[in-house]
Amino acid sequence: MTSAAPGAPHAAWADPPAGPGAAASGRVGLRQLASRMLTLCWVELRKLRHDRTELYTRAIQPALWLLIFGETFNRIHAISTPDGISYLAYLAPGILAQSALFVAIFYGIQIIWERDAGVLAKLMVTPTPRAALITGKAFAAGLRSVVQAAVVVVLAAILGVELTHNPVKLLATACVVVLGSAFFSCLSMSIAGVALNRDRLMGIGQAITMPLFFSSNALYPTALMPGWLQAISRVNPLSYEVDALRWLLIGVPTNIWLDVVVLVTAATAGVIVSSALLPRLAK
């Protein structure tokens, strides 16, 4: 019986052997790459299973937005909404996107902690591509946000908001949340690659979170914004995420394909930039 050398990567993480059948090896390589990303994603989710406190504490803020802000503005009819939709129904997808944003935007703190604990250095010496490391973490953040989104959907249902019951649209909603959260978590990890420090990252994250939220259409239609804010809203990925969620959950018309293309492009760009900055963070 033979055993692996100490410190050798697990077989599932090893590069595919060279030799004849390059096409077959390429397919094996792609499967292994997908397996590595799924493994990293699963590792991240296991952390959440062992500590659910974050889920409970993060449920407080969307509850306050829906219960206080939403109910108040729904009663006074201060903001006009399209097609006679109640303001509370109009607000619910925006708060869903906001809660996912708040989960993802501080995700870089975790990768800095991993750097300080030596975990990131160990991951960097495996044959796993940097893009796979970032993608695994980004989509783990997305799945965390899906759990948070489910809390918002339940709260909205309790408040009497009529959201779709179509399982296909609910699944598409989860996919949109994952894409949006993947981008914002990559943005956070990119900032971590520049800031290199948890305190700096916290300061930058807090400085950009509310401007991202208030410059989107999460709280009010874009048409009500001044011209300069409308221009910012058009380049804010959160606006496209909110548009897609409103179309899926309450049927507000939108260009859903444009929304999806923008979110996929933003998430891809986020993975590329974060992957480029990862070695700087790992030093």
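Threonine 164 touches Lys169, Leu170, Leu248 and Leu249, leaving aside residues up to four places away in sequence; contact means heavy atoms within 4.5 Å. This threonine 164 belongs to the loop between α7 (130-158) and α8, where helices (H or I, at least four residues) are DSSP runs numbered from the N terminus. A polar atom of its side chain lies 3.1 Å from the backbone nitrogen of asparagine 166. The model is predicted, with local features requiring pLDDT of at least 70 and side-chain atom pairs pLDDT 80 or more, while totals for chains, interfaces and linings use all residues. Residues are numbered from 1 along each chain as its sequence is written, and side-chain values use heavy atoms, without hydrogens and water.

Helix α8 (residues 167-195) packs against helix α11 (residues 237-250) at about 170 degrees, and their axes, lines fitted to C-alpha atoms over the stretch in contact, are 9 Å apart. Because angles between N-to-C directions, which run from 0 to 180 degrees, count as roughly antiparallel when over 145, α8 is roughly antiparallel to α11. Among the residues making this contact are Lys169, Leu170, Val176 and Phe183 of α8 and Leu245, Leu248 and Leu249 of α11. The contact residues comprise 13 nonpolar, two polar and two charged; Ala, Val, Leu, Ile, Met, Phe, Trp, Tyr, Cys and Pro count as nonpolar, Asp, Glu, Lys and Arg as charged, and the others, Gly among them, as polar.

Which helix gives the largest share of the lining of the largest pocket? That share, four residues, comes from α11. Two or more lining residues also come from each of α10 (227-234) and α12 (256-282). Of the 17 lining residues, Asn217, Thr222, Ser239, Asp243 and Thr254 are the closest to the centre of the largest pocket. The lining divides into seven nonpolar, six polar and four charged residues.

Conventions
Parallel < 35°, antiparallel > 145°, perpendicular 65-115°, else oblique. 1 Å grid on protein atoms, 1.4 Å probe; cavity = no way out; pocket = protein on both sides within 12 Å on 5 of 7 lines; lining within 4 Å. Polar contact = N/O pair within 3.5 Å; in protein donor to acceptor, adjacent residues only side chain to side chain.
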